[in-house]
Amino acid sequence: MTGARNADRIAEIIGAVVRQALADRGVSRIALLDDGGPEAVLAGLILRNALGPEAVISVDVFGGDPALLGHQSRVDRRRVNEEVRRMRARLLDDVLPAHPANKTALLLGGAMPPEPLLPLGDLWASEVIAIHDGWSASDEVEDLVWEAGGIDVMDGALRRLIEGRDASALDALPAEVAARVRTMLAAGSAARRYPCIVPKLGGRTLFADLYE
C-alpha cells in the first residue's frame, strides 16, 4: 500500500470518511492536534485537500512547561504539550477533534487517544514513511522499534500477527522485544474493549444499553 497511486487512494478514502464524520457530528471543521511530526503534516495535507484549508485548524502549542503540573512533576514536555493541544481542541466550537497517530503507534501505545477522529489510524508507520518520508510515536515505542531492528521489522511482525493472523509472527523479533510487544498489545486491547468501566447496578446502564 505504497506509491503515488496508492497514496491518492488512501487520501480519497480518508477524505470521504472525514466528510461523513463531520456530517454525522453536525460540525464543519476539524481540529487537528499538530505536534509538527510527519503524521500531523501528512494528515493536515490530506484533510485540507479534502475539505478545504478553512475547514482544518492545526492545534499546536509551543513551550509547554511541565511546571504547569506542579514543580515536582516528572511528566516530560512532550506529554505536557500533547495534553495542552488536547485541551485547546476541546475548547473550540464547531469542531471534530482529530489525532494524527499512525496504526503502529496506536497498537503499541495502550489506551487510544480520546479524540474521536484518527485519520491515519489504519496506516502503518512504514506506510507513512513511504508516503511522507518519516514516522513518529512515543519515546517508548520508538525505542522498542529501534531494539526490534527498525520499523520495517516491527511493522512486518505486527502485520503478520494482526492481518495475517499468524500467532507466531512476534517470534521473529528479539525475545525481550517480543515479550514487551505482547504486554503492550494486551494493554491496548483491554483499553479498547473496556474504554469506560461502569459497575452495572441496574437493568440498563450507559453506553451500548441505551442503543440496543
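Modeller: One definition before we start: contact means heavy atoms within 4.5 Å. Also, please keep in mind that this is a predicted model.
Biologist: Thanks! With that in mind, which residues of α7 and α8 meet?
Modeller: On the α7 side they are Met154, Leu158 and Leu161, and they meet Val177, Val181 and Leu185 of α8. Sorted by class, this contact has six nonpolar residues, no polar ones and no charged ones.
Biologist: And how do the axes of α7 and α8 cross?
Modeller: They cross at roughly 55° and come within 13 Å, with α8 covering residues 175-193.
Biologist: OK, what about α6 and α7, at what angle do they pack?
Modeller: Helix α6 (residues 139-148) packs with helix α7 (residues 151-162) at about 95°, and the axes are 7 Å apart. The two helices are therefore roughly perpendicular to each other.
Biologist: Which residues make that contact?
Modeller: From α6 you have Leu144, Val145 and Ala148, and from α7 Ile151, Val153 and Met154.
Biologist: Nice. Changing topic: in what order do the strands of the sheet run?
Modeller: The order is β2-β1-β3, in an open sheet of three strands with parallel pairing. Strands β2 (56-59) and β3 (95-98) are the edges, each pairing on one side only. From one strand to the next, the twist averages 25°.
Biologist: How many bridges join β1 to β2?
Modeller: Four, and β1 (residues 29-33) runs parallel to β2. To pick out a pair, Ala31 has Ile57 of β2 as its bridge partner.
Biologist: Which strands does α2 touch?
Modeller: Helix α2 (residues 38-51) packs on the sheet and touches β1 and β2, with its direction at about 170° to that of β1.
Biologist: And where does α3 lie?
Modeller: Helix α3 (residues 77-90) lies across β1, β2 and β3, and it runs at about 165° to β1.
Biologist: Great, that's what I was after. Thanks!

Key:
Residues are numbered from 1 along each chain as its sequence is written. This is a predicted model: local features need pLDDT of at least 70, side-chain atom pairs count only at pLDDT 80 or more; totals for chains, interfaces and linings use all residues. Side-chain values use heavy atoms; hydrogens and water are left out. Axes are lines fitted to C-alpha atoms, for helices over the stretch in contact, and angles run from 0 to 180 degrees between N-to-C directions. Angles under 35 degrees count as roughly parallel, over 145 as roughly antiparallel, 65 to 115 as roughly perpendicular and the rest as oblique. Ala, Val, Leu, Ile, Met, Phe, Trp, Tyr, Cys and Pro count as nonpolar, Asp, Glu, Lys and Arg as charged, and the others, Gly among them, as polar. Two strands pair if DSSP finds at least two bridges between them.
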